[in-house]
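Please open the model in your viewer and keep the selection panel at hand. The stops below follow one another, each with something to select and something to look for.

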Amino acid sequence: MTNNSVSKATDSGALRFDWNAFFDVIIVVAVLVAVKQFFLLYTIKYAGPASTFTAMAVATWRLRARGHSWGDLGFKSPESWLRTIAISLFVFAVVVAFGVVGSTVADLFFERGYVANRFGDIEGDVVMYLVWMALVWTHGAFFEEMLFRAFLINRLGKFLGGSAAATILSVVLAAIFFGYRHAYYQGAYGFVVTGTIGLGLGIIYVWFGKSNLLPQILAHGYMNSLGFTMRFLGLRG
């Protein structure tokens, strides 16, 4: 181990912690939390997007500082768009299944809670619908998958030593944080449902070998697009 290394071993052959990766996780998580809490003082609608846009800039900075790129984490052009879209439909079905499981579990313990006025102005409003659809595919589909799956799972796993157990724990921790991110307007019920969906997306990301993020991005976009279209049509609160 070199003098300028910040990795630490408890003893020879034991678990090694990469403190550089830990620093990266802490700073990105801190930005996600702090920026959202700041903007919640002024707007519940756009606090989430403001925090993910900011965190994406910080996460990109940290990756470049470590000599990495988003392509290293699975965000790259596919060899076949047709195959990628087909896989994304499968991922969408899996995500829906995880959502059903999450809803079933949440129903056992919590009442459904939702801050309706977060999207209350979308029904029948074409302009607001288009605004939210733009956010669905930037803040939601792309940025949330890049941050909560690719970045957090990779950097947490590296911090914890890179073992199979570290990967499993990183998937679980990222899913918990993903659920927390939605609890401010969905309550404990939404925390469980969204966290379960995040768990499913994390499992798929690892299953793909952390080398193919586009199917999850597309599936996430399909799911949110469906939800916002239903809101626009007055079929969902």
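Begin with Arg62, which counts as buried because its relative accessibility is 8%, where buried means under 20% relative accessible area, exposed over 50% and partly exposed in between (1.4 Å probe, protein chains only). This is a predicted model, in which local features need pLDDT of at least 70 and side-chain atom pairs count only at pLDDT 80 or more, while totals for chains, interfaces and linings use all residues. Residues are numbered from 1 along each chain as its sequence is written, and side-chain values use heavy atoms, with hydrogens and water left out.

Arg62 is found in helix α2; helices (H or I, at least four residues) are DSSP runs, numbered from the N terminus. Show its surroundings: not counting residues up to four places away in sequence, Arg62 touches Phe23, Asp24, Ile27 and Phe151, contact meaning heavy atoms within 4.5 Å. The C-alpha atoms of Arg62 and Asp24 are separated by 6.3 Å, although the two residues are 38 residues apart along the chain.

Now select the whole of α2, whose 19 residues should span 27 Å at 1.5 Å a residue, in agreement with end C-alpha atoms that are 27 Å apart; the expected span is 1.5 Å times one less than the number of residues. Just after α2, Gly67 takes a positive phi of about 80°.

Next, display helix α1 (residues 19-40) with helix α5 (residues 164-207), whose axes come within 12 Å and cross at roughly 5°. The axes are lines fitted to C-alpha atoms, for helices over the stretch in contact, and angles run from 0 to 180 degrees between N-to-C directions. The helices α1 and α5 are therefore roughly parallel to each other, a term for angles under 35 degrees. On the α1 side, the contact is made by Val29, Leu32, Val33, Lys36, Gln37 and Leu40, and on the α5 side by Phe177, Tyr180, Arg181 and Tyr184.

Which residues have the most contacts inside the largest nonpolar core? Select Val28, Leu32, Trp70, Leu147, Phe148, Phe151 and Leu152, which hold that place in a core of 31 residues; a nonpolar core is a set of buried Ala, Val, Leu, Ile, Met, Phe, Trp, Tyr and Cys residues joined through side-chain atoms within 4.5 Å. The elements that give two or more residues to this core are α1, α2 (47-65), α4 (126-159), α5 and α6 (214-232), and the largest share, 10 residues, comes from α4. Centre the view on Leu147, which touches Val28, Leu32, Thr52, Ala55, Met56, Ala59 and Leu152, leaving out residues up to four places away in sequence. Apart from this core lies another, of 13 residues, among them Ala106, Tyr189, Ile197 and Ile204.

Move on to helix α3 and select its buried residues, Thr84, Ile87, Ser88, Val91, Val94, Val95, Gly99, Gly102, Ser103 and Ala106. What covers them includes α5 and α6.

Finish at Thr167, which lies in helix α5 and, at 13% relative accessibility, counts as buried. Leaving aside neighbours within four places in sequence, Thr167 is in contact with Val206 and Lys210. Select Lys210 last, in the loop between α5 and α6, where it is partly exposed with a relative accessible area of 21%. Most residues other than glycine have a negative phi. Lys210, however, has a positive phi of about 60° although it is not a glycine.

Terms used
Parallel < 35°, antiparallel > 145°, perpendicular 65-115°, else oblique.
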